[in-house]
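Please look over the sequence and the structure below before reading on. The briefing that follows is meant to be read with both of them in view.

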Amino acid sequence: MGNINTDTAFTEHTLDALQARAKATIHNIANQNVKGFKRFEVRFEDMLREAVDSGQKIGSVEPVLQRDTSGGEGQNNVVMLEELTLLGKTELMHDYMLRRAGGYFKTMNKAIFGR
């Protein structure tokens, strides 16, 4: 069984990042027809990987919201199909993390109470 602090910190930070990504994606979709709008994206997984590789604590990694400035000046860079795909992936990862946390705490409950 893993360390409860590490496991819950990982789950909490991942859920926070997924929530931020969903909000950013929905914001991008809402602004798909606004001239000159540049989409937002959330960086988390690559930063988490770097932290783990360098031995940093998982809890020190926070999701970062940044602007994607690709595309021409005054050109909207939101691609609806990509945003919907990202939203679907985010939803699947969110469901997985909730089930992972639920399973972990169910196991802990069984260990404590024997049921």
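This is a predicted model: local features need pLDDT of at least 70, side-chain atom pairs count only at pLDDT 80 or more; totals for chains, interfaces and linings use all residues.

Residues are numbered from 1 along each chain as its sequence is written, and side-chain values use heavy atoms, with hydrogens and water left out.

**Helix α2**

- Helices (H or I, at least four residues) and strands (E, at least two) are DSSP runs, numbered from the N terminus, and helix α2 covers residues 45-53.
- Within α2, the residues Met-47, Leu-48 and Ala-51 are buried, where buried means under 20% relative accessible area, exposed means over 50%, and partly exposed lies in between (1.4 Å probe, protein chains only).
- Seen down the axis of α2, these buried residues fall within an arc of 100°, so they line one face of the helix; the arc is that of the directions from the helix axis to the C-beta atoms.
- The exposed residues Arg-49 and Asp-53 sit on the face of α2 that is turned away from its buried side.
- After α2 comes Gly-55, which has a positive phi, near 85°.

**Helix α3**

- Helix α3 runs over residues 80-113 and contains Leu-92, which counts as exposed because its relative accessibility is 63%.
- The 34 residues of α3 should span 50 Å at 1.5 Å a residue, and its end C-alpha atoms are 49 Å apart, which agrees; the expected span is 1.5 Å times one less than the number of residues in the helix.
- The buried residues of α3 are Glu-83, Thr-90, Met-97, Ala-101 and Tyr-104.
- After α3 comes Gly-114, whose phi is positive, near 75°.

**Nonpolar cores**

- A nonpolar core is a set of buried Ala, Val, Leu, Ile, Met, Phe, Trp, Tyr and Cys residues joined through side-chain atoms within 4.5 Å, and the largest one here has seven residues: Ala-17, Phe-44, Met-47, Leu-48, Ala-51, Ile-58 and Val-61.
- Helix α2 gives the largest share of this core, three residues.
- Apart from this core lies another, of five residues, among them Phe-37, Phe-40, Val-42 and Val-78.
- Leaving aside its neighbours within four places in sequence, Ile-58 is in contact (heavy atoms within 4.5 Å) with Thr-6, Phe-10, His-13, Leu-48 and Val-52.

- Gly-36 has its place in the loop between α1 (4-30) and β1 (40-43), and at 29% relative accessibility it counts as partly exposed.
- Although Gly-36 and Asn-76 are 40 residues apart along the chain, their C-alpha atoms are separated by 4.6 Å.
- With its neighbours within four places in sequence left aside, Gly-36 is in contact with Gly-74, Gln-75 and Asn-76.

**Salt bridges**

- Side chains of opposite charge can pair when their charged atoms come close.
- A salt bridge is a side-chain nitrogen of Lys or Arg within 4 Å of a carboxyl oxygen of Asp or Glu, and a search of the whole structure finds five of them.
- One of these joins Asp-68 and Arg-39 (3.6 Å, N to O); Asp-68 lies in the loop between β2 (64-67) and α3 and Arg-39 in the loop between α1 and β1, so the pair ties together parts that are 29 residues apart in sequence.
- Another joins Glu-83 and Arg-39 (2.6 Å, N to O); Glu-83 lies in helix α3 and Arg-39 in the loop between α1 and β1, so this pair ties together parts that are 44 residues apart in sequence.
- Asp-68 is buried, with a relative accessible area of 17%, and Arg-39 is buried too, with a relative accessible area of 11%.
- The side chains of Asp-46 and Arg-43 also meet in a salt bridge (3.0 Å, N to O).
- Salt bridges that share partners join Arg-39, Glu-41, Asp-68 and Glu-83 into one network.

**Aromatic pairs**

- The structure holds two aromatic pairs, for which the centres of Phe, Tyr and Trp rings (for Trp, its six-membered ring) must lie within 6.5 Å, with planes under 30 degrees apart counted as stacked, over 60 as edge-to-face and the rest as tilted.
- Phe-37 and Phe-40 form an edge-to-face pair, at 6.2 Å centre to centre and with 65° between the planes.
- The rings of Tyr-104 and Phe-105 have their centres 5.4 Å apart and their planes at 85°, so this pair is edge-to-face.
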